[in-house]
Amino acid sequence: MSQLIDPFGCRISYLRVSVTDRCNYRCQYCMAENMTFLPKSDLLTLEELERICSAFIVRGVNKIRLTGGEPLVRRNVMTLFHSLGKYIESGHLKELTLTTNGSQLAKYAHELIDCGVKRINVSLDSLNDKKFESITRWGKLDDVLNGLSVAKDAGLEIKINAVALKNFNENEVNDMISWCGKEGFDLTFIETMPMGEIDGDRMDQYLPLSILANRIREKWTLEESSYQTGGPASYSLIKETGKRIGFITPLTHNFCESCNRVRLTCTGILYMCLGQNDKKDLLTPIRRSKDNDLLMEAIDEAIGRKPKGHDFIIDRIGAAPAVARHMSVTGG
Ligand code: SAM
């Protein structure tokens with residue numbers, strides 16, 4: 001079957017799937033403490049998620065990332081990892097991976113390896129236990145550190161993702177780089193994005209990564225790296241640690257020229273851009289027909305509408321977020 005090519009000539013080879021909007025943490029920049037989640041009956045079943053993933057694989061998607069919410073808190077999620085892992089075995093998928101807060105890794109790391117997962121992204125915004133508890137509201141740093149240690153011993157390659165937050169973790173940056181170097185982890189900093197209502201004002205949290213990168217260069221030698229994922233991050237190699245450092249700068253750059261990805265929610269909605277509201281319903285076509293003709297038609301129509309860029313902006317205090325849905329809906 002034909003490959004998925006967007007209107008700007010980019011081949012869509014990467015699908016991110018938010019398998020649940022629920023999370024066991026309430027990171028302050030991500031969610032309000034008192035979140036209302038979707039009723040469980042609104043969620044696609046794991047079989048339906050697999051069916052949509054398979055359709056994308058047939059159309060040339062060769063990388064799938066499961067995310068959320070917290071993917072590892074969805075009941076029986078390993079069933080989905082196992083069924084998608086078969087495409088790793090057959091060579092149709094080059095990569096099956098996940099983004100996780102790390103809290104459940106001690107339980108699942110070995111099984112993830114069995115499913116063909118090789119690399120994972122773990123979100124961690126502070127190495128200080130009090131600060132970690134305060135930013136996640138409900139998290140315990142030790143659970144994550146223990147999960148990381150089990151995952152590393154199991155043989156998973158790890159990249160730490162940290163959201164750069166003004167007056168919160170900006171002074172921890174050098175410690176995080178040293179720690180990641182020691183542990184053998186890559187590290188990526190992310191600018192906070194205006195997605196969904198939260199309890200505070202995003203202007204209070206926003207720290208442009210250009211400022212952070214300059215500070216990092218005062219202490220570390222950043223060497224150019226050709227490493228690219230087709231996504232928003234630009235990567236360098238830290239000479240002193242030998243590990244990669246990435247910067248994801250959605251606010252200071254509209255990083256979309258080479259975007260190769262689309263995002264599926266746990267309710268079967270396809271978003272063609274993280275920072276835009278246009279979407280396509282894939283639930284109706286799969287529930288209306290047992291074969292995939294309607295689904296393929298819907299996917300083609302959606303990819304034909306993939307936009308050139310996003311319109312994130314954080315500059316109006318008290319203004320509504322640029323994108324009303326939370327990151328946990330579309331998956332980070
Ligand atoms: N629960 C998993 C985790 O913690 O990684 C996966 C979902 S979480 C929504 C994915 C990533 O999005 C995390 O690294 C999180 O820090 C990031 N994130 C959430 N809201 C964000 C926002 N408004 N701006 C920037 N990053 C955000």
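How far is an oxygen atom of the ligand from an N or O atom in the side chain of tyrosine 29? The separation is 2.8 Å, a polar contact in the sense of a pair of N or O atoms within 3.5 Å.

Colleagues, this is a predicted model, in which local features need pLDDT of at least 70 and side-chain atom pairs pLDDT 80 or more, while totals for chains, interfaces and linings use all residues. Residues are numbered from 1 along each chain as its sequence is written, and side-chain values use heavy atoms, without hydrogens or water.

The ligand is surrounded by 17 residues, each with a heavy atom within 4 Å of it.

I turn now to strand S10, residues 261–264; strands are DSSP runs (E, at least two residues), numbered from the N terminus. Arg261 and Arg263 point one way and Val262 and Leu264 the other, all of them buried, that is, under 20% relative accessible area with a 1.4 Å probe, protein chains only.

S10 pairs in the parallel sense with strand S1, residues 14–18, over 4 bridges; pairing requires at least two DSSP bridges. Here valine 17 stands opposite leucine 264. With strand S11, residues 269–271, S10 runs antiparallel over 2 bridges, and arginine 263 stands opposite tyrosine 271.

Key: A polar contact is a pair of N or O atoms within 3.5 Å; within protein, one must be able to donate a hydrogen and the other to accept it, and residues adjacent in sequence count only if both atoms are side-chain atoms. Buried means under 20% relative accessible area, exposed over 50%, partly exposed in between (1.4 Å probe, protein chains only).
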